[in-house]
Amino acid sequence: MHFQQSQLTRSTQFTLREHGFFVSQRDGRGQVDIAVEIPYEELLPVRLEYRRAVPGHPVRWIGLGLYGLYVAVAALSAWPLALAATGLLVALAFYYAWNNWWNQAILHTGRLQLVLADHPRDRRQVRAFADQVNTHTKAYLRREYASINPLGYIEPQLRRLAWLHELGVLSTAEARALSTRLTGRVSERGIRSMGQRLEPLFVN
């Protein structure tokens with residue numbers, strides 16, 4: 001599963017790999033800005049945020065640009081045509097900036113904040129991919145870490161269950177049922193060991 005978005009100044013690619021979430025971003029010249037694989041153990045929480053980053057007083061800057069152009073082309077005595085062409089170019093530039101720079105979709109992870117352009121045509125795909133990342137990561141962590149062995153060491157397994165519960169991989173009922181299977185004790189106060197709250201699992 002992957003997602004890709006291309007802009008004039010940046011291209012971004014996300015890929016769900018076997019053991020991690022791969023992020024690649026390149027600038028407009030094709031040079032690599034970011035190329036990193038985040039382990040699924042360090043990816044959560046995942047959420048999507050929309051932000052409008054319009055610079056202060058954009059109309060003022062457009063007006064100043066048009067005025068400067070008017071002065072320049074008036075000196076060349078070809079101002080009507082040139083002014084109309086410049087107005088069109090400024091409008092196109094404003095439209096491009098609005099869709100590619102000023103409206104942003106930010107994918108928050110446990111390690112990175114990844115900025116995308118909030119294209120209307122991409123909005124549904126971005127939301128769907130963010131949901132896929134969240135679902136895939138939780139399924140991976142459940143598969144790799146949610147199994148228990150009542151005959152093994154209890155403390156590390158309880159820490160693992162508490163970590164999965166904090167990340168939202170296991171519901172409270174699931175975490176409590178698994179801890180009860182490990183300890184033989186029913187606790188209504190969360191996952192505990194020897195009467196003390198456990199710390200989350202440390203992941204290298």
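Mentor: The secondary structure of the protein comes to five helices and nine strands. From the N terminus on, these elements run β-β-β-β-β-α-α-β-β-α-α-α-β-β. This is a predicted model, where local features need pLDDT of at least 70 and side-chain atom pairs count only at pLDDT 80 or more, while totals for chains, interfaces and linings use all residues. Residues are numbered from 1 along each chain as its sequence is written, and side-chain values use heavy atoms, with hydrogens and water left out.

Trainee: What is the mean pLDDT of the protein, and which elements have the lowest and highest confidence?

Mentor: On this scale (the predictor's confidence in each residue, from 0 to 100), the mean is 79, and 66% of the residues reach 70 or more. Confidence is lowest in strand β9 (residues 196–197), at a mean of 48, and highest in helix α4 (residues 154–166), at 95. Over residues 194–204 the pLDDT is below 50, although this stretch has 21 contacts beyond near neighbours in sequence. A contact here means heavy atoms within 4.5 Å.

Trainee: Now the sheet: what is the order of the strands in the open sheet of three?

Mentor: The order is β5-β6-β7, with antiparallel pairing. The edge strands are β5 (47–52) and β7 (113–117), since each pairs on one side only. From one strand to the next, the twist averages 25 degrees.

Trainee: How do you know that β6 and β7 are paired?

Mentor: Pairing requires at least two bridges found by DSSP. Strand β6 (residues 103–108) and β7 share five bridges in the antiparallel sense, so they pass that test. Ile106 has Val115 as its bridge partner in β7, and Leu107 has Leu114.

Trainee: Why is the pair of Arg111 and Glu42 called a salt bridge?

Mentor: The rule asks for a side-chain nitrogen of Lys or Arg within 4 Å of a carboxyl oxygen of Asp or Glu. The closest N and O atoms of Arg111 and Glu42 are 2.3 Å apart, so the pair qualifies. The two residues are 69 residues apart, with Arg111 in the loop between β6 and β7 and Glu42 in the loop between β4 (32–39) and β5. By this rule the count comes to six salt bridges. Among them are Arg123 with Asp118, at 2.9 Å, and Asp27 with Arg29, at 3.5 Å.

Trainee: What makes Tyr145 and Trp163 an edge-to-face pair?

Mentor: Rings of Phe, Tyr and Trp (its six-membered ring) pair if their centres lie within 6.5 Å; planes under 30 degrees apart are stacked, over 60 edge-to-face, and the rest tilted. These two have centres 5.3 Å apart and planes at 85 degrees, so the pair is edge-to-face. The pair links Tyr145 in helix α3 with Trp163 in helix α4, 18 residues apart. Trp163 counts as buried at 5%. The count comes to seven aromatic pairs, and ring pairs also link Phe3, Phe14, Phe21 and Phe129 into a cluster.

How values were computed. Helices (H or I, at least four residues) and strands (E, at least two) are DSSP runs, numbered from the N terminus. Axes are lines fitted to C-alpha atoms, for helices over the stretch in contact, and angles run from 0 to 180 degrees between N-to-C directions. Buried means under 20% relative accessible area, exposed over 50%, partly exposed in between (1.4 Å probe, protein chains only).
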